[in-house]
Amino acid sequence: MTINALCPMAIRYAVVNISQNVQIQSCLRRNITSLSASKANTTVDKEDVERHGKHMNAWWDPKGKLGVLHSFNMLRVPLVRDGLVSEPEKEKTLTPLANKTILDVGCGGGILSEALARIGGIVTGVDASKDLIECAKQHSDLDEKIAHNKPTYFCSTIEDHAEEYPNNYDAVVASEIIEHVADKELFVQACVTCLKPGGRIFVTTPNRSPRTRLLGIYVAEYVMGAVPKGTHQYHKLTTPNEVSFLLERNSCHVELIHGMMYNPFSKKWSWVNSTNLMFAMQAIKLETEHK
């Protein structure tokens with residue numbers, strides 16, 4: 001075989017080797033990036049935090065672009081109240097959650113935190129947004145109904161809070177937050193860590209379903225404007241089965257799952273049988289923790 005005949009073969013061989021090396025290096029870079037991300041070990045999605053922080057000035061306008069969160073309290077507050085206390089009709093009070101310690105995770109500007117405090121709950125709110133925590137603190141000073149029972153607010157991640165306050169709360173509420181976190185497994189683990197054995201966790205979130213993609217994101221955000229554009233990313237949503245699995249892995253027993261729906265015309269929420277669009281879940285932390 002002549003040198004001229006060998007040259008094309010050598011060139012092809014070199015090209016193949018270079019191509020393989022590039023692929024290997026690219027794969028290594030992806031693995032290193034993935035490993036670095038896992039080592040970061042955080043629930044915080046900085047872009048999501050910044051996106052929500054931009055709504056700080058509109059947070060407490062019940063007729064504004066976040067009005068859907070205000071009306072949502074008509075379902076969320078009874079969900080937490082009834083999950084924690086069972087009052088006979090004759091013994092009902094205006095403060096059924098008195099002496100119940102409650103952690104509101106991803107509390108934002110405090111819409112749910114204040115509502116739970118108004119009925120007696122000893123509420124702590126945590127959020128990764130400094131702007132929204134400041135908004136929550138400022139508004140709590142304006143609400144006379146909670147003058148003697150203001151929520152306590154921390155700008156913190158749930159994993160950091162869990163390290164400082166393990167087995168501390170009668171209830172943890174994660175309402176409209178799990179769909180925004182970077183690490184759902186870490187998020188659920190930290191939430192459960194904060195709970196006392198026998199305490200209850202409440203989760204509300206959109207379901208990752210075709211119906212949610214169409215109605216909950218496209219129509220609600222981009223057609224009707226019921227929710228600010230970009231609030232939800234479909235790939236970050238979760239399902240009832242996935243949340244149940246994470247809770248059970250962390251020594252919780254799921255007690256109930258409800259479907260929910262928002263009517264943009266009446267601007268009211270209601271319980272429904274189907275969980276295809278949104279769901280609420282209640283679980284109890286078992287006495288023996290999973291190690």
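This report describes selected side-chain and backbone features of one structure.

The model is predicted, so local features are reported at pLDDT of at least 70 and side-chain atom pairs at pLDDT 80 or more, whereas totals for chains, interfaces and linings use all residues. Residues are numbered from 1 along each chain as its sequence is written, and side-chain values use heavy atoms, with hydrogens and water left out.

## Aromatic pairs

A search of the whole structure finds three aromatic pairs, where rings of Phe, Tyr and Trp (for Trp the six-membered ring) pair if their centres lie within 6.5 Å, and planes under 30 degrees apart count as stacked, over 60 as edge-to-face and the rest as tilted. The rings of Phe 72 and Trp 269 have centres 4.0 Å apart and planes at 20°, so this pair is stacked. Because Phe 72 lies in helix α3 (residues 67–84) and Trp 269 in strand β7 (residues 268–272), the pair ties together parts that are 197 residues apart in sequence; helices (H or I, at least four residues) and strands (E, at least two) are DSSP runs, numbered from the N terminus. Tyr 262 and Trp 269 form a tilted aromatic pair, with 5.1 Å from centre to centre and 45° between the planes. Phe 72, Tyr 262 and Trp 269 form one aromatic cluster. Both Phe 72 and Trp 269 are buried, on a scale where buried means under 20% relative accessible area, exposed over 50% and partly exposed in between (1.4 Å probe, protein chains only).

Ser 71 lies in helix α3 and is buried, because its relative accessibility is 15%. Leaving aside neighbours within four places in sequence, Ser 71 is in contact with Tyr 262, Lys 267 and Trp 269, contact being defined as heavy atoms within 4.5 Å. A polar atom of the Ser 71 side chain also lies 3.1 Å from the backbone oxygen of Val 68.

Elsewhere, Arg 213 lies over the face of Tyr 234, at 3.9 Å from the ring centre; a charge sits over a ring if NZ of Lys or CZ of Arg is within 6 Å of the ring centre and within 35 degrees of the ring normal.

## Annotated positions

An unreviewed UniProt entry places the feature "binding site" at Glu 176, Glu 179 and His 180; UniProt positions are given in the numbering used here, feature names are shortened, and annotations may be inferred rather than shown by experiment. Glu 176 is placed in the loop between β4 (169–175) and α7 (184–194), and Glu 179 is likewise in the loop between β4 and α7.

Not counting residues up to four places away in sequence, Glu 176 touches Leu 69, Phe 72, Thr 204, Thr 205, Pro 206 and Met 278. The side chains of Glu 176 and Thr 204 are joined by a polar contact of 2.7 Å, that is, a pair of N or O atoms within 3.5 Å in which, within protein, one must be able to donate a hydrogen and the other to accept it, and residues adjacent in sequence count only if both atoms are side-chain atoms. With the neighbours within four places in sequence again left aside, the contacts of Glu 179 are Thr 204, Thr 205, Pro 206, His 232, Lys 236 and Leu 237.

## Backbone and accessibility

Most residues other than glycine have a negative phi. Glu 176 has a positive phi near 55°, and Lys 267, which is not a glycine, has a positive phi of about 60°. Lys 267 lies in the loop between β6 (252–263) and β7.

Accessibility values for several residues are listed here.

| Residue | Relative accessibility | Class |
|---|---|---|
| Glu 176 | 14% | buried |
| Glu 179 | 1% | buried |
| Lys 267 | 53% | exposed |
| Trp 269 | 13% | buried |
| Cys 107 | 6% | buried |
| Cys 135 | 8% | buried |
| Ile 119 | 16% | buried |

Ile 119 is located in the loop between α4 (111–118) and β2 (122–127). Ile 119 and Leu 97 are 22 residues apart in sequence, with their C-alpha atoms 5.8 Å apart in space.

## Cysteines

With a disulfide taken as a pair of cysteine sulfur atoms within 2.5 Å, the count comes to zero disulfides. Cys 107 is in no disulfide, and the nearest cysteine sulfur, that of Cys 155, is 9.2 Å away. Cys 135 is in no disulfide either, the nearest cysteine sulfur being that of Cys 107 at 9.7 Å.
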